[in-house]
Every structure is written in structure tokens, then in C-alpha cells.
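Subject: Structure handover and notes

Hello,

Please find the structure below, followed by my notes on what was found in it.

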Amino acid sequence: MIVESYEDVIVLSGPLTAGFWDAVQTAIALTLRRNPTGVIVDCSQITKINEEGAKTFQSAIDYVLEHDGARIIFAGVPDAVMDVLRSVPAVRSQLALADSVEDARTSLNLFESKETKKRRLSEETRSKHILAVVCPNECDAHFLKTIAEHLSTAPAHLVILFPIIVPRDLPLHAPVPEEEHKLFAFAEKAREMFANSESLAEVRLERTRDIPALVAEIAEEINAQQVIVSIAASHDQDSDSARNFGALLTKIKQPLVFVRSGCDQQQSITN
């Protein structure tokens, strides 16, 4: 087997029929130094693999996920290789896949920091933290405008949280392109809106399976004085929106404000 490393990609080529972890670990360590958000493993040139070789995948996954915030995505895995990987339960359950290196890179790059430079703010402003949560399917410009009005008379450290819901049948670090692209587009809109604000605005995209649990965790982490959440203008009692509403009321200890959508979500993203 040949291991090549360049930029954020590690290329494996040839047969993977023995434990090659030492060589792969060195390449991953170097890649993480250049790209702390994660590693892409291009598997398109692997010609053969057995169960012993599959253990290299498990070692790679375990190693990368030990690094805070880092992810590992395997791209272009041939069908024959995939059949072997799926036969190893420990590998199968943690395997994050992408069709191509470019798709994997797009997913990783969503989490790169693009925050504006820190501004000089009073100690009072820096010590006041507000968490604003953009729930999936509620990417509504009305919500951002409401937050901006709220902060216009009382600047604060604003954290705008975009939860990316990962289905339970996928590893938590797996790409979910449609969801990621939608929220990333709206996150860019939020960055632009607050770029010149007197408040210190921070945008965070976080992967989760449970929105209320994530919101409670982040609220505690930043010591939020207030949590503001976007919700649907109307929802059925059995909908995800209704369930999240009830769970947030139970789990969030801080003062909690809900802002209903003001218009159609597709219009709000593009307008």
C-alpha cells in the first residue's frame, strides 16, 4: 500500500491487506497540523482490502476523533472495499462517507472559522452572553432582524447557533450535504448582517441528534444570560417543532424567548 498526503487529503492506493496504521498515523498527524478541522481519506485507489486492513480504518477514526472538533471523512470508497468495511461492526458504525474528495472538503470547510475580527467592547458588553438558535427549517431573515433589534440598545456577545441534525443511522461526524448547505448559506447571511454591529457576533454550526440537549449544553458553556430560539409560525402537536418546543422549556434553565417565523423560509434565505 502507498500512503500520500497533501493539503487536507490522504490518498491510500494499492492493496490494504495488513495493518498499516503506523504509516497512516504519521500522515494524519501532519494533515491535522495543517487542517485542524479534519482529514479527508481518498480511498478511490484501494485495490483490495481484508478484515485486517479494515482495522486501519478503525484506528484512523479513533485517532482523529480524539482531537477536539476534528472529523475524518472517507471519499470515493470502491464498492468491493465498502463490502469489507461494512462487515466489521466497529468500523461500519463510525464510517463517515462522501462520494468525492470535493464533497468531503465542502463538508469540512463549513466549520472553518470565518468570524470577523474581535472589536473593542466594554467589559460589560463582553460579559453579557446571548445564545440565538436557528432551528432547522426556520432559516428566517425575520429572526435575524428581531435579534438585531434586541441588541440595538444593549450590545452583547451574541452566539448564533445553527444545529445540523445528523440522522441516527449515520455517525455524528458524517456529512449531510443538503442540511449543511442550507444552514451554511443562512449562516453567511447572519455573518453579513452582524459584521458591523456593535455586538460581538459569533456563528457556530454544531452537529447533533438532539436540538434541546445541544442548546442546553451551549447555553451552559457560554454562560448565557438569555436564550432566543426560532420556531415555526404554526406547527402540529406531533411535529419536530412541537417536540423541540416542549423539551426546550424543560431543559433550558436560562430565560427563554421564542421568535415565530415571519415569512416563508425559502424567501428568507434568498432575499
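A residue is called exposed when its relative accessible area is over 50%, buried when that area is under 20%, and partly exposed in between. Asn-223 has a relative accessibility of 51%, so Asn-223 counts as exposed. Please keep in mind throughout that this is a predicted model.

Asn-223 sits in the loop between α9 and β9 (226-231). The phi angle of Asn-223 is near 55°, which is a positive value in a residue other than glycine.

The chain as a whole

The protein chain has eleven helices and ten strands. Of its 271 residues, 49% are buried. Taking the contacts between residues at least 6 apart in sequence, 78% join residues at least 24 apart.

Helices α9 and α10

Helix α9 covers residues 211-222 and helix α10 covers residues 240-251; their axes come within 9 Å and cross at roughly 30°. The crossing of α9 and α10 is right-handed. On the α9 side, the contact is made by Ile-211, Pro-212, Ala-213, Val-215 and Ala-216, and on the α10 side by Asn-244, Ala-247, Leu-248 and Lys-251. Sorted by type, the residues of this contact of α9 with α10 are seven nonpolar, one polar and one charged.

Asp-8 is placed in the loop between β1 (2-6) and β2 (9-16). Is Asp-8 buried or exposed? Its relative accessibility is 8%, and because the limit for buried is under 20%, Asp-8 counts as buried. The side chain of Asp-8 is joined to that of Arg-105 by a polar contact of 2.9 Å. Not counting residues up to four places away in sequence, Asp-8 touches Thr-31, Asn-35, Val-39, Ile-40 and Arg-105.

Val-101 is in helix α5 (residues 101-109). The relative accessible area of Val-101 is 18%, so Val-101 is buried. Apart from neighbours within four places in sequence, Val-101 is in contact with Val-9, Ile-40, Asp-42 and Ala-75. Val-101 and Cys-43 are 58 residues apart along the chain, with 9.4 Å between their C-alpha atoms.

Val-81 belongs to helix α3 (residues 79-86). With a relative accessible area of 2%, Val-81 is buried. Which residues does Val-81 contact, leaving aside its neighbours within four places in sequence? They are Ile-46 and Ile-49. Ala-54 is 27 residues from Val-81 along the chain, and the C-alpha atoms of the two are separated by 8.9 Å.

The histidines

His-157 lies in strand β7 (residues 157-165). Its relative accessibility of 12% is the reason that His-157 counts as buried. The side chain of His-157 makes a polar contact of 2.8 Å with the side chain of His-129.

His-181 is located in helix α8 (residues 177-194). The relative accessible area of His-181 is 43%, so His-181 is partly exposed. From the C-alpha atom of His-181 to that of Thr-106 the separation is 8.9 Å, and these two residues are 75 apart along the chain.

Cys-139

Where is Cys-139 found? Cys-139 is in the loop between β6 (129-133) and α7 (141-152). At 1% relative accessibility, Cys-139 is another residue that counts as buried. Cys-139 and Ile-231 are 92 residues apart in sequence, and their C-alpha atoms are 9.7 Å apart in space.

In brief, the residues described here include Asp-8, buried in a loop, Cys-139, also buried in a loop, and Asn-223, which is exposed in the loop between α9 and β9.

Regards

Methods:
Residues numbered from 1 in each chain as written. Predicted model: local features only at pLDDT ≥ 70, side-chain atom pairs only at ≥ 80, totals over all residues. Heavy atoms only, no water. Helix = DSSP H or I, 4+ residues; strand = E, 2+ residues; numbered from the N terminus. Buried < 20%, exposed > 50% of the residue type's maximum accessible area, 1.4 Å probe, protein only. Polar contact = N/O pair within 3.5 Å; in protein donor to acceptor, adjacent residues only side chain to side chain. Contact = heavy atoms within 4.5 Å. Axes fitted to C-alpha atoms, helices over the stretch in contact; angles between N-to-C directions. Left-handed = near helix turned anticlockwise from the far one by under 90°. Nonpolar A, V, L, I, M, F, W, Y, C, P; charged D, E, K, R; others polar.
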